[in-house]
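Work through the exercises below with the model open beside you. Try each task before reading its solution.

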Amino acid sequence: MSDMTSPADAPRPPGRPRSTRADEAIIDAALDLLAEGSTVEALSIEAIASRAGVGKATIYRRWPGKEALLRDALAILKGVPPEPVGRSVRDDLVLLLGAVGRNADPRAAKIMPCLLPEVNRTKDRYELYQGVIEPRRARIREVLHRGVRDGELRADLDVELALALLTGPMLIQRVLRWNPELDDRVLPEKVVDGVLEGIRAR
């Protein structure tokens with residue numbers, strides 16, 4: 001593979017860790033380009049390398065291709081979901097739903113809505129999206145399973161359906177701003193309390 005060279009591409013002594021500064025520059029470059037309007041389809045390794053100030057070889061030493069790089073970049077953009085405290089199913093669900101559709105990085109507001117139309121275009125895009133959201137979904141799933149084991153929730157609970165009932169309203173409101181009359185500050189509690197009425201053990 002032909003490539004321009006850069007200082008970051010110079011051979012490293014055995015055992016020397018790769019540059020975290022280069023990693024961060026590459027991730028930031030990919031996110032900046034997406035936030036500026038580049039589609040996933042149009043985004044190229046060449047463009048990312050140019051923006052990050054590295055050679056393509058630097059990127060390919062870290063990621064096998066664009067999809068793997070984007071998966072890591074979007075995971076970093078979303079951040080780590082909060083850790084459930086474990087005091088009650090309700091409190092943990094309110095905590096986790098409070099993070100749905102909310103991101104500390106301002107670029108997320110521009111990137112995530114533009115990513116959604118890409119999800120169903122190809123299998124790779126769908127897998128990319130699933131790779132980003134599954135860790136967050138898994139946290140909520142764990143709380144629901146714990147609630148069933150502890151007798152707080154119905155023994156016959158359809159956990160995957162409950163996940164959809166909980167996260168759907170949060171996503172449609174925060175990503176699409178569906179209803180301006182809904183108060184975002186109390187929405188997680190309202191959604192959790194509404195769903196719990198149907199899934200709580202009697």
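Predicted model: local features only at pLDDT ≥ 70, side-chain atom pairs only at ≥ 80, totals over all residues.

Residues are numbered from 1 along each chain as its sequence is written, and side-chain values use heavy atoms, with hydrogens and water left out.

**Exercise 1. The largest pocket**

Solution: 
- Step 1: On a 1 Å grid over the protein atoms alone, a pocket is an open set of points where a 1.4 Å probe fits, with protein on both sides within 12 Å along at least five of seven lines; lining residues have an atom within 4 Å of a point.
- Step 2: take the volume, the space filled by probe spheres set on the points.
- Step 3: find the centre. The lining has 34 residues, and K78, V100, G101, L171 and V175 are the closest to the centre.
- Step 4: assign elements (helices are DSSP runs of H or I, at least four residues, numbered from the N terminus). Those giving two or more residues to this lining are α6 (108-115), α7 (123-149) and α8 (159-176). The largest share, 10 residues, comes from α8.
- Step 5: sort by class. Ala, Val, Leu, Ile, Met, Phe, Trp, Tyr, Cys and Pro count as nonpolar, Asp, Glu, Lys and Arg as charged, and the others, Gly among them, as polar. The lining of the largest pocket has 21 nonpolar, four polar and nine charged residues.

**Exercise 2. The second largest pocket**

Task: Do the analysis for the second largest pocket.

Solution: 
- Step 1: the second largest pocket has a volume of about 160 Å³.
- Step 2: it is lined by 13 residues, with S38, T39, V40, C114 and L115 the closest to its centre.
- Step 3: α6 gives the largest share of this lining, four residues.
- Step 4: by class, the lining of the second largest pocket has seven nonpolar, three polar and three charged residues.

**Exercise 3. The buried side of α2**

Task: Which residues of helix α2 are buried, and what covers them?

Solution: 
- Step 1: apply the cut-offs. Buried means under 20% relative accessible area, exposed over 50%, partly exposed in between (1.4 Å probe, protein chains only).
- Step 2: in α2 (residues 45-52), I45, I48, A49 and A52 are buried. They cover an arc of only 100 degrees around the axis, which puts them on the same side of α2. The arc is that of the directions from the helix axis to the C-beta atoms.
- Step 3: recall the geometry. An α-helix has 3.6 residues a turn, so residues three or four places apart point the same way.
- Step 4: the cover includes α1 (20-35), α3 (56-62) and α4 (66-78), with contact meaning heavy atoms within 4.5 Å.

**Exercise 4. Salt bridges**

Task: Which residues form salt bridges with R141?

Solution: 
- Step 1: a salt bridge is a side-chain nitrogen of Lys or Arg within 4 Å of a carboxyl oxygen of Asp or Glu. The whole structure has 20 salt bridges.
- Step 2: E134 pairs with R141, with the closest N and O atoms 2.8 Å apart. R141 is buried at 17% relative accessibility, and E134 is partly exposed at 28%.
- Step 3: E160 also bridges to R141, the closest N and O atoms being 2.8 Å apart. This pair links distant parts of the chain, E160 in α8 and R141 in α7, 19 residues apart. E160 is partly exposed at 43%.
- Step 4: Salt bridges link D28, D32, D105 and R107.
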